[in-house]
Amino acid sequence: MQELLLKWYDREKRDLPWRQTQDPYAVWVSEIMLQQTRAETVRAYWTRFLQAFPTVQALARAEEETVLKLWEGLGYYSRARNLHWCAQAVCERFAGRFPEDVAGLRSLPGIGAYTAGAVASIAFGVRTAAVDGNVERVVARLRGIREDVGTPSVRRALLAEAEALVPAARPGDFNQAMMELGARICLPAPRCELCPIRAHCDAFDAGDAASLPVRQRKAPPRAVPMGMALVFHGDRVLLRRREEALLRGLWCFPGYEGETEGEAVAQRLAADGVCCTFLRTLGHARHVFTHRVWEMTLLSFSAASDACPPGWQWADREQLAALPLPTAVRAARALAADILQATLE
Ligand code: SF4
């Protein structure tokens, strides 16, 4: 099975830039970016990121804001912050060289079992598995695991099966081949007719591949109404650096959960030290996070002065474009940019 899969991989693998390197730093950046993001999207981000920060030392020295700016649009910003902290930890604790074993890698911030397995096997040739969602699906089908993979004991059994599959030769390529198979052939709706290892697949034999892996349904993300305040003064709009766990450290328009009425949001702004008058409701926008959905009402205000509480700042049109703002407020940013442009014309 391993040989068949590697042959398929050698023949069919996509030409992705991080596959041209075994530099642990470059591999690690690609693995973090690839979490929850498609390879085709990651391609341009990875290239830009490596140009800006060619070494782990360069990343460790960078300003967090520069790192977040390069991450803008990839989402899940905690990954970018962890990347930055992890680079600093590699420099401080390991003199700028990534540890070569799974335990050493896992001791670093933001590196979990999957990333440690991927970096150890791809960059250092360690015989260890790297089980992401795609690989989990492939292993569950290959080995016919038909119990809920969210259960800890079933998960442990699946990981043991995944470890046992990794060959001593080319473990990094094998892991990437499993990921590639999961991303292109062993999809949620499997394309078994194209699969190079179907002769070894339990689920293919049993004809139940499409129903595996078994996973209990998670609760849907919770809808949160949110008043998003676009506060203007002359040719500038007010931004606040978020302190909440969600999107922490990113510049954002002041948003108030549970308040969608202009007057109520004006009161909340006043309590935060911003004296302003509600102008009008501009529209609505929606952003889905993993556990919550922001149902945003976009509201405009006129500030009485340019007084600015600590941790807030006024941004003109150029600054608004240059600061790292989360994708969640893309619609609000576009509206604010249009309004600022109109004040200039
Ligand atoms: Fe997945 Fe089908 Fe291949 Fe089995 S035969 S590994 S279910 S694509």
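Which helices each supply at least two residues of the lining of the second largest cavity? Keep the question in mind; the tour reaches that cavity at its last stops. The model on screen is predicted.

**Stop 1: the ligand.** Select the ligand and show the residues around it: Arg-141, Ile-185, Cys-186, Cys-192, Cys-195, Arg-198, Cys-201, Phe-204 and Ala-209. Coloured by class, this shell shows seven nonpolar and two charged residues, with no polar ones.

Stop 2: Select residues 133-142, which form helix H9. With three residues, H9 gives the most to this lining. By class, the lining of the largest cavity has twelve nonpolar residues, two charged and no polar.

**Stop 3: the second largest cavity.** Move on to a cavity of about 50 Å³. To see its lining, select Ala-129, Ala-130, Val-135, Ala-162, Leu-165, Val-166, Phe-174, Asn-175 and Met-178. Eight of these lining residues are nonpolar and one is polar, while none is charged.

Stop 4: Select 152-165 and then 171-184. These are helix H10 and helix H11, and each supplies at least two residues of the lining of the second largest cavity, which answers the opening question. H11 gives the most to that lining, with three residues.

Conventions. Residues numbered from 1 in each chain as written. Predicted model: local features only at pLDDT ≥ 70, side-chain atom pairs only at ≥ 80, totals over all residues. Heavy atoms only, no water. Near = heavy atom within 4 Å. Nonpolar A, V, L, I, M, F, W, Y, C, P; charged D, E, K, R; others polar. Helix = DSSP H or I, 4+ residues; strand = E, 2+ residues; numbered from the N terminus. 1 Å grid on protein atoms, 1.4 Å probe; cavity = no way out; pocket = protein on both sides within 12 Å on 5 of 7 lines; lining within 4 Å. Points joined across faces, edges and corners; volume = space filled by probe spheres on them.
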